[in-house]
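Colleague: I've got a few minutes before my next run. Can you walk me through this model?

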Amino acid sequence: MEWAFLLDELISQSLRDFQSDCLSFCEHHYPTIHNRGMKESHLGKALARRFIHGYNNLDIEATYHQMEEAALKQPVFRIDAPEHQIYLVAHRLISANTACRKALVKDTLWALEHLDTSSGKEKRLIIVADHWVDRSSASKSVPCWWLGHQPIHRDDYASQGVKLMDADHHFAEDIAQECHLNDGKLRIFHPLHRQRDGIPLYKYMLLTAAYSL
């Protein structure tokens, strides 16, 4: 339990710190990143490095590598520490349509099928994606689809012209049905802030999900 607690704390802190990483990256690459989001390889590597940095702060040696598969359009990374393994699926949600959502679930299933089953290490699966909200109904339903309900800051979205819509199904349901994973911790971050007032830019969202394996 001690190793599990340490791993969950490290993941939680790393995801919070990753917001700052995204803010710095977006500021230096804006408007290149605008309306397109990060490339999957950068998104995955940046978060993997954040995990490595978290381990280094604890004086724990850790490494990461990208798991190769020609059929995969999105990268999957594995972070290895003496007592832990973190599998990281990175996905750029360019569109919020059904095909793109199914692709994310498919990549997640691939990661689960390629776990290091010979290892008794404590394992976690992290899914990370980013999305710029557009005018489509599918895009406006992303927060509800991801969280399973509307975010508590729904009025803040509306104040920035984002009129959120309900989703007809939810990401957690898809993962439970296709990947047999439950009780994940799903969150939405808004790492970009408007320069004039420092308020989060709700049109850009960073989606994360953490599951115990």
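**Quick tour**

Colleague: What share of the 213 residues in the chain is buried?
Modeller: Buried residues make up 50% of them. Keep in mind that this is a predicted model.

Colleague: Then what is the average pLDDT of the chain?
Modeller: The average is 86. A score of at least 70 is reached by 88% of the residues.

Colleague: Which element has the lowest mean pLDDT, and which the highest?
Modeller: Helix 1, residues 2-29, has the lowest mean, at 78. Helix 5, residues 142-147, has the highest, at 96.

Colleague: OK, the fold. How many helices and strands are there?
Modeller: The chain has 7 helices and 6 strands.

Colleague: In what order do the elements run?
Modeller: From the N terminus, they go α-α-β-β-β-α-β-α-α-α-α-β-β.

Colleague: Of the contacts between residues at least 6 apart in sequence, how many join residues at least 24 apart?
Modeller: That share is 67%.

Colleague: What does F18 touch, leaving out residues up to four places away in sequence?
Modeller: F18 touches L43, A46, L47, R50, V128 and L206. Take L47: it is 29 residues from F18 along the chain, and their C-alpha atoms are separated by 6.6 Å.

Colleague: Now L58. Where is that one?
Modeller: L58 is in the loop between helix 2 (40-57) and strand 1 (63-67). Its relative accessibility is 42%, so L58 counts as partly exposed.

Colleague: Which residues does L58 touch, beyond those up to four places away?
Modeller: L6 and L10. L58 and L6 are 52 residues apart in sequence, with 10.0 Å between their C-alpha atoms.

Colleague: What about D59? Where is it, and what is its phi?
Modeller: D59 is also placed in the loop between helix 2 and strand 1. Its phi is positive, about 60°, although D59 is not a glycine. D59 is exposed because its relative accessible area is 74%, and the cut-off for exposed is over 50%.

Colleague: And H180? What is phi there?
Modeller: Phi of H180 is near 60°. That is a positive value in a residue other than glycine. H180 lies in the loop between helix 7 (171-179) and strand 5. At 65% relative accessibility, H180 counts as exposed.

Colleague: Switching to pockets. What is the volume of the second largest pocket?
Modeller: About 230 Å³. The lining of the second largest pocket has 14 residues. D8, I11, S12, K185 and A210 lie nearest its centre.

Colleague: Which elements give two or more residues to that lining?
Modeller: Helix 1, strand 5 (185-189) and strand 6 (204-212) do.

Colleague: How does the lining of the second largest pocket split by class?
Modeller: There are 5 nonpolar, 3 polar and 6 charged residues in the lining.

Colleague: Next, K106. Is K106 buried or exposed?
Modeller: K106 counts as exposed, at 62% relative accessibility. It lies in helix 3, residues 98-113.

Colleague: How far is K106 from E178?
Modeller: They are 72 residues apart in sequence and 8.3 Å apart in space, C-alpha to C-alpha.

Colleague: Last one, A138. Where is it found?
Modeller: A138 is in helix 4, residues 137-140. Its relative accessible area is 27%, which makes A138 partly exposed.

Colleague: What does A138 touch, again skipping residues up to four places away in sequence?
Modeller: A96, N97 and R101. T98 is 40 residues from A138 along the chain, and the C-alpha atoms of these two are separated by 8.3 Å.

Definitions and conventions
Residues are numbered from 1 along each chain as its sequence is written. This is a predicted model: local features need pLDDT of at least 70, side-chain atom pairs count only at pLDDT 80 or more; totals for chains, interfaces and linings use all residues. Side-chain values use heavy atoms; hydrogens and water are left out. pLDDT is the predictor's confidence in each residue, from 0 to 100. Helices (H or I, at least four residues) and strands (E, at least two) are DSSP runs, numbered from the N terminus. Buried means under 20% relative accessible area, exposed over 50%, partly exposed in between (1.4 Å probe, protein chains only). Contact means heavy atoms within 4.5 Å. On a 1 Å grid over the protein atoms alone, a cavity is a set of points where a 1.4 Å probe fits but cannot get out, and a pocket is an open set with protein on both sides within 12 Å along at least five of seven lines; lining residues have an atom within 4 Å of a point. Grid points are joined across faces, edges and corners, and a volume is the space filled by probe spheres set on the points. Ala, Val, Leu, Ile, Met, Phe, Trp, Tyr, Cys and Pro count as nonpolar, Asp, Glu, Lys and Arg as charged, and the others, Gly among them, as polar.
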